[in-house]
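Hi there,

Here is the structure I promised to pass on. Please have a look at it first, and then read my notes below.

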Amino acid sequence: RLCGPPDCDPVQNSYHNIPGITKFSGLESSLDWDIGHYFDLPFSLKPYVSLTKMFEYHTHEDDEKQAEPDISDLNVSYGVRFSHPDSGFKASVNAYYFGDIVDPAEGKVGGYNVVNLHLEKELAALANAGRFVIGLDVLNATNQYYMTWNNYPQPGRYFRFNLAYEY
């Protein structure tokens with residue numbers, strides 16, 4: 001559990017174990033399928049979905065059972081990834097659903113969908129010495145206002161340009 005004001009200095013954070021007994025139970029699952037591989041195509045086209053469903057998450061402190069704040073009951077990640085090895089091009093559209101969380105001050109908040117886009121192109125491949133790659137990410141492309149933990153708002157839409165040497 002993150003320590004914050006008034007117990008800690010507001011510019012410092014420290015982690016403390018939750019006193020008592022903590023119990024979490026849930027289900028994690030994922031599914032993906034490479035359509036390109038299945039149909040013997042020269043590219044990969046892979047839709048996927050992954051989810052985490054929490055059934056129980058609480059602590060017992062001083063014989064009082066309480067739900068943990070900032071724990072989402074359902075998180076789903078889904079999208080599609082494309083890769084064409086011969087051209088060195090990759091692209092993906094990823095979406096994330098963050099389910100309801102319990103906020104001590106506001107009750108239940110959440111139900112956010114956030115979409116990210118990724119484009120990548122190989123500029124040059126060096127024989128057995130790596131490759132140069134350029135990329136563009138559009139993160140939170142739908143400009144969704146959302147929070148994931150501790151009432152901390154996440155950034156709106158933003159762009160990231162990459163130039164990398166991978167070896």
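Starting at the N terminus, the elements follow the order β-β-β-α-β-β-β-β-β-β-β-β-β. That makes 1 helix and 12 strands in the chain; helices (H or I, at least four residues) and strands (E, at least two) are DSSP runs, numbered from the N terminus.

Two words on the basis. Residues are numbered from 1 along each chain as its sequence is written, and side-chain values use heavy atoms, with hydrogens and water left out. The model is predicted, so local features need pLDDT of at least 70 and side-chain atom pairs count only at pLDDT 80 or more, while totals for chains, interfaces and linings use all residues.

Of the 167 residues, 23% count as buried (buried is under 20% relative accessible area, exposed over 50%, partly exposed in between, with a 1.4 Å probe and protein chains only).

Now the rings. There are 7 aromatic pairs in the structure; rings of Phe, Tyr and Trp (its six-membered ring) pair if their centres lie within 6.5 Å, and planes under 30 degrees apart count as stacked, over 60 as edge-to-face and the rest as tilted. One of them joins W33 and F39, which is edge-to-face because the planes stand at 65°, with the centres 6.4 Å apart. Y165 and Y167, by contrast, are stacked, with 5.7 Å between centres and 25° between planes. W33 also belongs to an aromatic cluster with Y38 and F39, and W33 is partly exposed at 41% relative accessibility.

Together with L123, L126, F132, I134 and L163 they make a nonpolar patch of about 790 Å². Patch residues have over 30% relative accessible area and no salt bridge, and nonpolar side chains (Val, Leu, Ile, Met, Phe, Trp, Tyr) are joined within 5 Å. Strands β10 (112–126), β11 (130–139) and β12 (158–166) each give the patch at least two residues.

Elsewhere, R81 sits over the face of Y48, 4.0 Å from the ring centre (the cut-offs are CZ of Arg or NZ of Lys within 6 Å of the ring centre and within 35 degrees of the ring normal).

Finally, S92 in strand β7 (residues 89–98) is buried, at 12% relative accessibility.

Happy browsing!

Conventions:
Patches are made of residues with over 30% relative accessible area and no salt bridge: like charges are joined within 9 Å, nonpolar side chains (Val, Leu, Ile, Met, Phe, Trp, Tyr) within 5 Å. Accessible areas come from the Shrake-Rupley method with a 1.4 Å probe; for residues, only the protein chains shown count as cover. A salt bridge is a side-chain nitrogen of Lys or Arg within 4 Å of a carboxyl oxygen of Asp or Glu.
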